[in-house]
Amino acid sequence: MGENVLRLENVTMQFGGVVAVNNLSMEINKGEIVALIGPNGAGKTTAFNVITGVYAPTNGQVSFNGRAIVRNHPQGKMKKLYKGSDPDKYTGHVLEPTPDKITGWGMARTFQNIRLWSSQTVFDNVLIAKHLRRTSNLLTAAFRLNRAEEARQREEVMELLKVVGLDDVKGELSTSLPYGKQRRLEIARALATDPTLLLLDEPAAGMNPQETDELTTFISEIREQFHTTILLIEHHMNLVMDISDRIYVLDFGKLIAHGTPAEIQSNQHVIDAYLGVSEDA
């Protein structure tokens, strides 16, 4: 730990008169598991969308492994964020890479609502993600010159499914799996892109207690086996406190606290805003 992977500097995301994220600064270091928590509507998923390039923030900068995702540009040298946008509404910031480019740099994410390809098998859901790392092009594919690479990637998918405990259901449709295994499959698909930073948006949402316990162990194993840094949004406090090295807390888009699990649990501001009033209060 210690090497910076992700840095947010004074990031603000405003939609009209609504400020979803307000002057947020964060740092995630290599090898950490960091949680971003807060009440519903606190701006957590919006922050994820800024980090992964879905949104260009109103203000602030984001960098990943030293590369700028959002950059400041002098007035008059800005590129259009969206075709046909009003030049008078330019913010002085521009989104340089697209989300797929950012994924290619080594950042992957899952979503609060599971987004699997329902008509595809478990194996194919993961194999599709491997296309990001293919070196073949249309010509080599047309003449089947990429067979060695395709075979290698299929082997890698099988190894990944074994690691995540889904090899026994590789031929089943993704939507036929129990809910907990669908979550695991979504994470496996993200891991297939070989990320150095994995973002998990409420991975325990909808899980029963047993599935949540299994997920807690699984996330810890991901860090060890894949040498991946993890940033997660989560409402299950037992999971968050068990696996997080550090925690950031948002409320109404503003950062109200950050620190170790022990520090967050004893922070009165966090207790009042999110965790609940303590019995001694």
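**Note on a predicted protein model**

1. Among contacts in the protein chain between residues at least 6 apart in sequence, 69% join residues at least 24 apart. The structure is a predicted model. Its secondary structure comes to 10 helices and 11 strands. Of the 281 residues in the protein chain, 48% are buried.

2. The first topic is the nonpolar interior. In soluble globular proteins, nonpolar side chains tend to be buried together. Here the largest nonpolar core has 46 residues, and the members that touch the most others are Ile37 and Leu198. Apart from this core lies another, of 27 residues, which includes Val11, Val34, Ile69 and Tyr248. Which residues does Leu198 contact, leaving aside neighbours within four places in sequence? The contacts of Leu198 are Ala108, Ile187, Ala190, Leu191, Ile222, Thr228, Thr229, Ile230 and Leu231.

3. The next topic is strand pairing. Strands of a sheet pair through backbone hydrogen bonds, either parallel or antiparallel. Strand S1 (residues 4-15) and strand S2 (residues 18-29) run antiparallel and are joined by eight bridges. Within this pair, Met13 stands opposite Val21 in S2. The two strands form a hairpin with two residues between them, and Gly16 in the turn has a positive phi of about 60°. S1 is also joined to strand S4 (residues 59-64), in the antiparallel sense, by five bridges. In that pairing Thr12 stands opposite Asn59 in S4.

4. In what order do the strands of the open sheet of six strands lie? The order is S7-S8-S9-S3-S10-S11, and the pairing is mixed. Strand S7 (107-109) and S11 are the edge strands, each pairing on one side only. On average, neighbouring strands of this sheet are turned by 15° against each other, direction ignored. Strand S8 (residues 197-201) pairs with strand S9 (residues 229-233) in the parallel sense over five bridges. One example from this pair is Asp201, whose bridge partner in S9 is Ile233.

5. Helix H1 (residues 44-51) touches S3, S7, S8, S9 and S10, and its direction makes about 145° with that of S9. Helix H6 (residues 179-191) also packs on the sheet, touching S7 and S8, and its direction makes about 155° with that of S8. H1 is mostly covered, with seven of its eight residues buried. These buried residues are Lys44, Thr46, Ala47, Phe48, Asn49, Val50 and Ile51. Just after H1, Gly53 takes a positive phi of about 85°.

6. Helix H10 (residues 268-275) has Val270, Ile271 and Tyr274 as its buried residues. Seen down the axis of H10, the buried residues fall within an arc of 110°, so they line one face of the helix. What covers the buried residues of H10? The cover includes strand S3 (33-37), helix H8 (237-243), strand S10 (246-251), strand S11 (254-259) and helix H9 (261-265). At the N-terminal end, Asn267 caps H10, with a side-chain oxygen 2.9 Å from the backbone nitrogen of His269. H10 is followed by Gly276, whose phi is positive, near 110°.

7. Leu166 lies in the loop between helix H5 (147-163) and H6. Is Leu166 buried or exposed? Buried means under 20% relative accessible area, and Leu166 counts as buried because its relative accessibility is 0%. Not counting residues up to four places away in sequence, Leu166 touches Val122, Leu161, Lys181, Arg184 and Leu185. Leu166 and Gln182 are 16 residues apart along the chain, and their C-alpha atoms are separated by 9.8 Å.

8. The last point concerns a lysine. Lys130 is found in helix H3 (residues 122-130). With a relative accessible area of 6%, Lys130 is buried. Which residues does Lys130 touch, not counting those up to four places away in sequence? Lys130 touches Gln153, Glu156, Val157, Ala192 and Asp194.

How values were computed: Residues are numbered from 1 along each chain as its sequence is written. This is a predicted model: local features need pLDDT of at least 70, side-chain atom pairs count only at pLDDT 80 or more; totals for chains, interfaces and linings use all residues. Side-chain values use heavy atoms; hydrogens and water are left out. A nonpolar core is a set of buried Ala, Val, Leu, Ile, Met, Phe, Trp, Tyr and Cys residues joined through side-chain atoms within 4.5 Å. Buried means under 20% relative accessible area, exposed over 50%, partly exposed in between (1.4 Å probe, protein chains only). Contact means heavy atoms within 4.5 Å. Helices (H or I, at least four residues) and strands (E, at least two) are DSSP runs, numbered from the N terminus. The arc is that of the directions from the helix axis to the C-beta atoms. A polar contact is a pair of N or O atoms within 3.5 Å; within protein, one must be able to donate a hydrogen and the other to accept it, and residues adjacent in sequence count only if both atoms are side-chain atoms. Two strands pair if DSSP finds at least two bridges between them. Axes are lines fitted to C-alpha atoms, for helices over the stretch in contact, and angles run from 0 to 180 degrees between N-to-C directions.
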